[in-house]
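The sequence and model come first.

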Amino acid sequence: MAAGVGDVVCSPHHRQEWARRAVANPHVLNVVCSLLGPRVAVAEPTLLLVKRPGRFAVPPHQDGLNGGWHLDPDRAVSVWFAVTDATPANGCVQVVPGSHRGGYRRHVRGADEDGRGAPLTLADPPPDTAFQPVPLPAGHAVVMDVRLVHRSAPNTTRMARVGLNVCYVAPGGVIVYHGQPPRLLPVRGA
């Protein structure tokens with residue numbers, strides 16, 4: 001793979017045992033269930049992002065929406081797992097503290113760069129100064145409100161930065177406007 005290109009792997013927990021264990025990690029599920037209740041599912045797809053050195057950046061966005069549906073913020077959370085160390089230099093997640101209080105914002109389709117697809121991105125992103133880095137050591141995770149505005153900058157190191165993004169949803173947490181809702185995979189409770 002060429003420098004500056006990122007790999008986006010959909011639903012690695014279907015093929016990789018380590019990803020299956022991460023998604024169903026009892027410590028993570030205890031935190032998620034303390035926020036959402038005893039019954040939770042994973043919204044498909046989960047996303048594994050391999051950020052290789054170079055220009056690949058993730059634009060400002062919110063995790064809880066798609067063109068045809070959104071997640072009820074009272075019944076869903078996003079968890080970002082650091083598979084490798086995530087630092088400001090290698091493009092760790094950057095958040096806008098308190099931005100979830102503004103609700104869902106208007107998104108547009110971004111450019112399809114390097115065949116990764118056209119991600120949803122904020123139509124009117126906050127200024128760069130509003131973003132705060134969230135460095136994490138490998139094996140740690142951060143739980144975020146699905147409306148929290150976040151992004152990640154390019155990786156300026158020589159090693160890949162790898163992260164796994166998972167949205168957990170309680171019953172009734174998907175609001176569908178049109179099209180197909182995300183597939184839900186129960187991970188705790190019936």
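Over the ring of which residue does the charged end of Lys51 sit?

## Basis and ring contacts

The charged end of Lys51 sits over the ring of Phe56, 5.9 Å from its centre. A charge sits over a ring if NZ of Lys or CZ of Arg is within 6 Å of the ring centre and within 35 degrees of the ring normal. The model is predicted: local features need pLDDT of at least 70, side-chain atom pairs count only at pLDDT 80 or more, and totals for chains, interfaces and linings use all residues. Residues are numbered from 1 along each chain as its sequence is written, and side-chain values use heavy atoms, with hydrogens and water left out.

Arg151 also has its charged end over a ring, that of Phe131, at 3.9 Å from the centre. Aromatic pairs number zero in a search of the whole structure; such a pair requires ring centres of Phe, Tyr or Trp (its six-membered ring) within 6.5 Å, with planes under 30 degrees apart counted as stacked, over 60 as edge-to-face and the rest as tilted.

Phe56 belongs to the loop between strand E2 (40-51) and E3. Its relative accessibility is 4%, so Phe56 counts as buried (buried is under 20% relative accessible area, exposed over 50%, partly exposed in between, with a 1.4 Å probe and protein chains only). From Phe56 to Gly68 there are 12 residues in sequence and 27 Å in space, C-alpha to C-alpha.

## Sheets and strand pairing

Helices (H or I, at least four residues) and strands (E, at least two) are DSSP runs numbered from the N terminus, and two strands pair if DSSP finds at least two bridges between them.

Two bridges connect E4 with E5 (residues 69-71); Asn66 has Trp69 as its bridge partner in E5.

Strand E6 (residues 76-82) pairs with E11 in the antiparallel sense over five bridges, with Phe81 opposite Ala141 in E11.

A pocket is an open set of points on a 1 Å grid over the protein atoms alone, where a 1.4 Å probe fits and protein lies on both sides within 12 Å along at least five of seven lines; lining residues have an atom within 4 Å of a point. The second largest pocket holds about 220 Å³ of space, a volume being the space filled by probe spheres set on the points.

Its lining includes Trp18, Arg21, His27, Phe81 and Ala141. H1 contributes the most, with three residues.

## Local backbone features

The Glu44 to Pro45 peptide bond is cis, with omega near 0°, and Pro45 lies in strand E2. Ser11, although not a glycine, has a positive phi of about 50°. Ser11 is in the loop between strand E1 (6-10) and H1 and is buried, with a relative accessible area of 8%.
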